[in-house]
Amino acid sequence: MDAFRRQASKFKEQVAKQQQAVIKQFSGTGYESSDVMVIDEVEMQRHQQLEKLYRSTRGGKDFQKDIVRAAEAMTALGLKHIETGTKLSEDCCKYGIENTHDNILAKAATIYGDARIHVEKEQEDLNKSFSSQVLEPLKAMIAGAPLEDARHLAQRYSRMRQEAETLAADISRRRAKARELHSSENAAKLHAAESRMQEVKANMAILGKEAAAALAAVEAQQQRLSFQRLVALVESEKVYHQRVAVILGEVEAEMVSEKQQKESAPPTVVPSDGLTEKTKYFLAEAMHSFVGNAEKELSLAVGDYVVVRKVDPSGWSEGECKGKAGWFPSAYVEKRHRIPSSGMAAEVF
């Protein structure tokens, strides 16, 4: 009866150990963390090194996934940006075509509509850069064989170490039993366990070096590639924003310039005030030089006398000087009440 109970207790212990081994294997990081010295100090250092590398490569893989998710999200936003910007471009150009009477706003809408096409082209280039410079390289490494192979080596080492831990406990128990009771059967089992332990030690030494080298190489590659792709991400965004800033800067300058030209240009039609031509004419002297840029503008030099024929509320006047007629800023001349000498009159007309 006692023998039966001992056998049942032993069987229960074996089942519990197997359950623990299965739980350890499929839980946590995939590499068992243990502070138990199974063989010696050298093996313990190897175990700690592999555990550190295993966690590091897992963290590196997770970080690469974070970058991929962010780049994919920014690409999706970019596509939405392109869709919205293209629609706005079409609406602006349509307004510019349909409202030509509203010179300033219609022109500004057309300018902006044309510019948005270039902005969306830059967004397309940014999305392509995200794909080729960030997403594709990182996805390839995340799913790549070197990482998985190295981690499998570490997992094999971890399982082998668990086996060595179980063997060490079994050997210790059998040695204690051998001291209490000498039997050929127990001696044979102890010898078999010790032989297996030596075999496991030798395999662990080889596998540990191989796993550590593979994980270290993957860790270095992960850090190098992640850094390079992160720099590429920043560079792509920087170039995009710089180019868009240039486009929008030019658009703003063109819109403001167009507005200023429209506001400062001489009027094309001067409202009639019902006065006769003779009543409206007067003589003025140019106090500032003015260089006409448009065909209908009249250039003046300081001291020139001009016959002013029309004055517009916009700040421009129309007159004749030295046989030429055109528009000039009203503030550039001063009215004269006396008739100039015959020589001057000849110059005026």
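Author: Happy to! Let's start in helix H5 (residues 184-264), where Arg196 and Glu199 sit 3 residues apart, so about one helical turn separates them. Bear in mind that this is a predicted model.

Reader: What do Arg196 and Glu199 form?

Author: They form a salt bridge, with the closest N and O atoms 3.1 Å apart. Glu163 belongs to the picture too, as a network of salt bridges links it with Arg196 and Glu199.

Reader: How many salt bridges does the structure hold?

Author: There are 18. One of them joins the side chains of Glu120 and Arg116, at 2.5 Å from N to O. Those two are 4 residues apart in helix H3 (residues 103-142), so again about one helical turn lies between them. Both Glu120 and Arg116 are buried.

Reader: New topic: how many helices and strands are there?

Author: The protein chain has 7 helices and 5 strands.

Reader: Nice. Why does Thr57 count as buried?

Author: Because its relative accessibility is 0%. Thr57 lies in helix H2 (residues 41-98). Beyond its neighbours within four places in sequence, Thr57 has contacts that include Leu147, Arg151 and Leu215.

Reader: And how much of the whole chain is buried?

Author: Of its 349 residues, 34% count as buried.

How values were computed. Residues numbered from 1 in each chain as written. Predicted model: local features only at pLDDT ≥ 70, side-chain atom pairs only at ≥ 80, totals over all residues. Heavy atoms only, no water. Buried < 20%, exposed > 50% of the residue type's maximum accessible area, 1.4 Å probe, protein only. Contact = heavy atoms within 4.5 Å. Salt bridge = Lys/Arg side-chain N within 4 Å of Asp/Glu carboxyl O.
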